[in-house]
Amino acid sequence: MAALLAMALIPATLTTATAADAPSSDPAAVPPVTIGVQADDAQKVRDFWTPARVKRALANEEADNGLVVRKVEEPAGSDTGTAKTGSPGLKAEADPVFPAGDNPMALAAALPEMPVAQKVPFPQSQPFVVAGKILYTDKDGNEGGCSGASIVSDTGNTVWTAGHCVHPGDGTGPEGFYEKITFMPGFKKNDQVPDGYDAPWGKWVATKKVAPVKWTADRDSKDADMAAFDVSVPTGYTSLTAAVGALGYRFGDGSDFPDVFSSGFPGEGYNRTDMDAFTHFYCTGNAEDAFDWNPLDDRVKIDCDMGRGASGGPIFTTEAQIISANSHYESEDGVTRLNDDLFGSEHGDQAVGVINEINN
């Protein structure tokens, strides 16, 4: 808890370098993305998410990790694709932004290894409020949920998450994006109110949705399970970043990072019975290459027992820069989880492509 509380000392900045400043000089080198538009009236979407529908969405999170859970008998790198071809090695970096008044001192101490997730002590306070719950409806009209976080962008109104939190990756292209996508920062269970939860920073409804073609067409969880969406601004706010702050990002620097956080709203976990999809949890430790044969398998691996519902939650450094997003775990039979390993796609070229389009 002491380590997490120290996050309040993350350096703040009001000037950032966006991905648009960083891409290769060859536009063709940036991987293609799929773009969708959520045309529903934002207030109608907010009204749609009644307490009953929110509860159904959180209860349905079993479908979340199920899209991308990997069987251990499938050798890594055995997919139809092998090593990345023609990769330009794109990089993009931006510093975090937090509302004025935050202490600008940097974190100095190394984080302890904490693979057993703990509850975030103050989920509705800075800087934890940058993370929140994502709700959506799939193509069959079923409610579902994930996690995500506010990320620095030129619009100031962008959420970063996993690809499978916005699109099933089934080749349906722009028409396949989920609908009624809504982000609630600072989400917290509260049995004392009729809704059963608090969302004191409001409901931010998606507008533009962006995910890599490698996800939307091929469901590539090694390289492309990531996405971003812009949101409309509720009455009383100027922007998402101004309201709750935004994590920065560090894309294209590989999979190995010491001292990272992973956070999310899991509905279950490895050998856990205390996760309810309403409560914000976090792990700490090191991020590393999932396997020695990167780039055949570019995934980021951390030790963390969060499960379904935490997908899309940020994996980020002590400098408050996103380096991946919670994606999936591995199982023996597609159902039974074997250990506390939690994986995310390496955020390299594909992530640069997504943030470039958001900033376009």
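Q: In this predicted model, why is C165 counted as buried?
A: Buried means under 20% relative accessible area. C165 has 0% relative accessibility, so it counts as buried.

Q: What makes C146 count as buried?
A: The cut-off is again under 20%. With its relative accessibility at 0%, C146 therefore falls into the buried class.

Q: How do you know that C146 and C165 form a disulfide?
A: Look at the sulfur atoms: those of C146 and C165 lie 2.1 Å apart. A disulfide needs the two cysteine sulfurs within 2.5 Å, so this pair qualifies. The angle about its S-S bond is -80°, and the link is left-handed.

Q: Which parts of the chain does the pair C146 and C165 link?
A: Distant ones, 19 residues apart. C146 sits in strand β6 (residues 143–150), while C165 is in the loop between β7 (158–161) and β8 (179–185).

Q: Why is the pair C283 and C304 called a disulfide?
A: The sulfur atoms of C283 and C304 are 2.1 Å apart and the limit is 2.5 Å, so the pair is a disulfide. You will find C283 in strand β15 (residues 281–289) and C304 in the loop between β16 (300–303) and β17 (314–317), 21 residues apart. Both of these cysteines, C283 and C304, are buried.

Q: What is the handedness of the link of C283 and C304?
A: This link is right-handed, with 70° about the S-S bond.

Q: How many disulfides does the structure hold, and what is their pairing?
A: There are two disulfides. With the bonded cysteines numbered in sequence order, the pairing reads 1-2, 3-4.

Note on methods: Residues numbered from 1 in each chain as written. Predicted model: local features only at pLDDT ≥ 70, side-chain atom pairs only at ≥ 80, totals over all residues. Heavy atoms only, no water. Helix = DSSP H or I, 4+ residues; strand = E, 2+ residues; numbered from the N terminus. Buried < 20%, exposed > 50% of the residue type's maximum accessible area, 1.4 Å probe, protein only.
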